[in-house]
Amino acid sequence: MLRYVLTRTASLVASLVVASLVIFLVLEVVPGDPASFMLGMNAQPETVAALRSELGLDAGALQRYATWVGGVLSGDFGTSYAYRTPVSGMILDRVQVSLPLALLSLALSTAIAFPIGLWAAARRGTPTDTGIMAATQVGVALPNFWFAMLLVLLFAVRLRWLPAGGFPGWADPVAAVKALLLPALALALPQAAILSRVMRSALVDTMSEDFIRTARAKGLTRWQVLTRHALRNALIPVLTIIGLQFSFLLAGAIIIENVFFLPGLGRLVFQAISQRDLIVVKSVVLLLVVAVVLVNYVVDLAYLAVDPRLRRP
Amino acid sequence: MRDSSPLRRLLAATLLAAPLLAGTALAAPRTDIVVGMQLEPPTLDPTSGAAAAIDEVVYANVFEGLTRFGPDGEVLPALAESWEPAPDNLSWVFHLRPGVKWHDGTAFTAEDVVFSFDRAMAPDSTNAQKQLFKGINEVTAIDDVTVEIGLDEPKGLFLSNLAWGDAVIVSPASIDTDKTQPVGTGPFKFSKWVQGDRIELVRNPDYWGEPAKLERATFKFISDPTAAYAAMMSGDIDAFPVFPAPENLAQFQADSRFQVIVGSTEGETILAMNNKRPPFDDIRVREAIGHAIDRKAIIDGAMFGYGTPIGSHFAPHNAAYEDLTGLSGHDPEKAKALLAEAGVTGLKPTLVLPPPTYARRGGEIVASQLRAVGIEPQIVNVEWAQWLEQVFKNHDFDMTIISHTEPMDIEIYARPDYYFGYDDPVMRALIRGLDFTSKDEERNELLRAAQERVATHFVNTFLFQLAKTGVADARLRGLWPNSPTQATDLTAVYWAE
């Protein structure tokens, strides 16, 4: 078990070092200069030079990499070229939108997927099962931004129950949750469709195992076997998918954040790329990599909890 | 029917009255506004960045210059109430408005003006329009309310240069924090900025001029055109002065809750050509391309009919405008003949397109029109930063579509190092002549000659003047229809009953 934890930890650290290098190098070769972008078409060459030196862009690549990584390790992400405010503060502001959004949609998708998956597995082969699977197939195929637009047209434009977008801030928690409800739902439904399909097939696979037959032979009902024995064993693939989905929800909400004009991480990075605010791009991407790697790490450790075989020395 | 109890009657009366009460509450005119913008300003200091979004929030609302642009581009007094040039036009004396206060309560004086100019002209200045200050040799405070500005030589556009957002007056006390917490002299004070979401302004009760009618103004940033549409439709946004989806304008026009405001901008949209690179160094090739293009088809197809055809690099609403579209009328046969005469066959130029709709949609139409005369353009879509680097800085392109949004910018044709590489001594002399003439009639004469010069040399193909298409709540009054400079002046905006 210790060995398992150690190898997972080592691969976590190695992933992060490689990621920081790759991020830095990729952004080095991206065409476009932040200073020229900020000063526009009429800027005098000497003005661009003055701004480049003010932003610290005239230093060598190695020196800039060292400054960046050194800063990040001590919690200082540097100052945004475009906004001229500390990147760490900007990220902190945006995480307050993105993280709750990701958690809310994860909660929604799990809450929808678990009962559906269980239900379909319990009614395997019946018209109910076929119907559910057809519906989830549609859910998987639906692009979430299109679904988002439908939600906006119905709940914001026609019914006016919820705002069409924007985020009022957490000072008013009710308004904040209302603002996150539609985007979370738009993100959650396609995820729930995937998750319920995985859930169903994992359960169906487990149900054909020998120990299930034994349990049934002991006299347990199909439903009892499903919830007491099969569910726990089916959780490993489900956990893997949930881990992947959480990373996706955190980083992949760019389009949804645009549709609902939410000030989240995805939109920050999107804006920063077009403005060549590379220091923001670097730091946010690194942070997302850290989040993804950490989530996978936690999922790996969570296998320990659900799979006793991994706990053997 | 059952006898209704007093309680039941009371309940019914309340239910009936509720909408009426709500109705009276709604009838009082609102004193706040939520304005939608597509891009968020990176900072709020208009003197150290080129982003149009900065001026769209703070120009005339928060910051003011010595002079300012009015709704139709006229130069009006602002922090300077009057001025007079010396007889030789080599120095100007500005009389500042007395008793003006910065938003932080300190007094505005001539020293602030000196500070702002010195800062913009300094060697390490990061002013994006530093050329506005070229030729100013000294700025001195004569007393608290009088400033003298000395010039190396007369400058015809001097007063108009001072009206730009990049030339607003800033306070030395707050300059270090102006980027995130601007302190100006305008009718609105900065209140709050939630980055990525909104900026809030509040009315300045101590404003020197007519106070703003609105108490609060919020600018909200919505980049996605579909989201902008939904936000207008759901009432989350009261006005979108530059609405990003022209395809939805007809729908707003048909809805009595909204008004569509169409006006002019300073944006000459052109199909620029690299005049230094063969075969575009041949005037016959450039003329051929001019005749290959059908402006109306581009305006209808890419801009949903909004836009005015232009035949030179000049705004049609300007007094000195001359209609030269006839010089390059749509004539594919003539285009083919000119190309044959120039001996050009199998031309496959790059057509570099930046992100705006006019370029991306317009580019597709331009490409198909060029194909009709035997030119096979290779479309390259780029981001802004890439466009600036590749086209604007390194001149690595054959053709591009771009809107030049600065006012009175025909002088770019007098810069031989400019990206389209037009080098003409006659044009340079014409533009230089403008600095030595301040009489309108003579200036207009020179400007007309300049328009004709670039049109007859077919430097670029001049497509159309970009229109400003905005959407607002039907009850809003006082929004600027035109865009003489990038601004959302809210001073005179109010809600009708």
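Trainee: Which residues of chain A does the UniProt annotation "transmembrane region" cover?
Mentor: The model is a predicted one, and the annotation comes from an unreviewed UniProt entry. The record places the annotation on residues 12-30, 99-122, 134-155, 175-195, 234-256 and 284-306.

Trainee: How many helices and how many strands are there in chain A?
Mentor: The elements of chain A, read from the N terminus, run α-α-α-α-α-α-α-α-α-α-α-α-α. Its C-alpha trace spans about 85 × 60 × 35 Å along the principal axes, and 48% of its 313 residues count as buried. The count for chain A is 13 helices and zero strands.

Trainee: Which helix of chain A gives the largest share of the nonpolar patch?
Mentor: The patch, of about 360 Å², is made by A:F145, A:W146, A:L150 and A:I255. One of these residues, A:F145, is found in helix α7 and is partly exposed, with a relative accessible area of 33%. Three residues of the patch come from the helix that gives the largest share, which is α7 (residues 144-158).

Trainee: With which residue does A:R84 form a salt bridge?
Mentor: A:R84 is found in the loop between α4 (61-73) and α5 (87-122) of chain A, and its phi is near 60 degrees, a positive value in a residue other than glycine. Most residues other than glycine have a negative phi. The closest N and O atoms of the salt bridge are 3.0 Å apart, and the partner of A:R84 is A:E54.

Trainee: How many residues apart are A:R84 and A:E54, given that the pair links distant parts of the chain?
Mentor: The salt bridge between A:R84 and A:E54 joins the loop between α4 and α5 to helix α3 (residues 45-54) of chain A. Because buried means under 20% relative accessible area, A:R84 at 18% counts as buried, whereas A:E54 at 43% counts as partly exposed.

Trainee: Why are A:R213 and A:D210 separated by about one helical turn?
Mentor: The side chains of A:R213 and A:D210 meet in a salt bridge at 3.3 Å, N to O, and both residues are exposed. The separation is about one helical turn because, in helix α9 (residues 210-217) of chain A, the two are three residues apart.

Trainee: How many residues apart in sequence are the parts tied together by B:R68 and B:D489?
Mentor: The side chains of B:R68 and B:D489 meet in a salt bridge at 2.7 Å, N to O. B:R68 lies in strand β2 (residues 67-69) and B:D489 in the loop between β18 (476-477) and β19 (494-495) of chain B, so the pair ties together parts that are 421 residues apart.

Trainee: Is B:F280 buried or exposed?
Mentor: B:F280 has its place in the loop between β12 and α7 of chain B, the loop in which B:P279 also lies, and the peptide bond from B:P278 to B:P279 is cis, with omega near 0 degrees. Beyond four places in sequence, B:F280 touches residues including B:M273, B:N275, B:I289 and B:M399. At 1% relative accessibility, B:F280 counts as buried.

Trainee: Which backbone nitrogen does the side chain of B:N460 reach?
Mentor: B:N460 is found in the loop between α13 (440-456) and β17 (461-473) of chain B, and it is buried, with a relative accessible area of 2%. Among the residues that B:N460 touches, not counting those up to four places away in sequence, are B:I270, B:N275, B:Y413 and B:F420. At 2.9 Å, the side chain of B:N460 reaches the backbone nitrogen of B:M273.

Note on methods:
Residues are numbered from 1 along each chain as its sequence is written. Chains are lettered from A and ligands numbered from 1 in the order in which they are written. This is a predicted model: local features need pLDDT of at least 70, side-chain atom pairs count only at pLDDT 80 or more; totals for chains, interfaces and linings use all residues. Side-chain values use heavy atoms; hydrogens and water are left out. UniProt positions are given in the numbering used here, feature names are shortened, and annotations may be inferred rather than shown by experiment. Helices (H or I, at least four residues) and strands (E, at least two) are DSSP runs, numbered from the N terminus. Buried means under 20% relative accessible area, exposed over 50%, partly exposed in between (1.4 Å probe, protein chains only). A polar contact is a pair of N or O atoms within 3.5 Å; within protein, one must be able to donate a hydrogen and the other to accept it, and residues adjacent in sequence count only if both atoms are side-chain atoms. Contact means heavy atoms within 4.5 Å. Patches are made of residues with over 30% relative accessible area and no salt bridge: like charges are joined within 9 Å, nonpolar side chains (Val, Leu, Ile, Met, Phe, Trp, Tyr) within 5 Å. Accessible areas come from the Shrake-Rupley method with a 1.4 Å probe; for residues, only the protein chains shown count as cover. A salt bridge is a side-chain nitrogen of Lys or Arg within 4 Å of a carboxyl oxygen of Asp or Glu.
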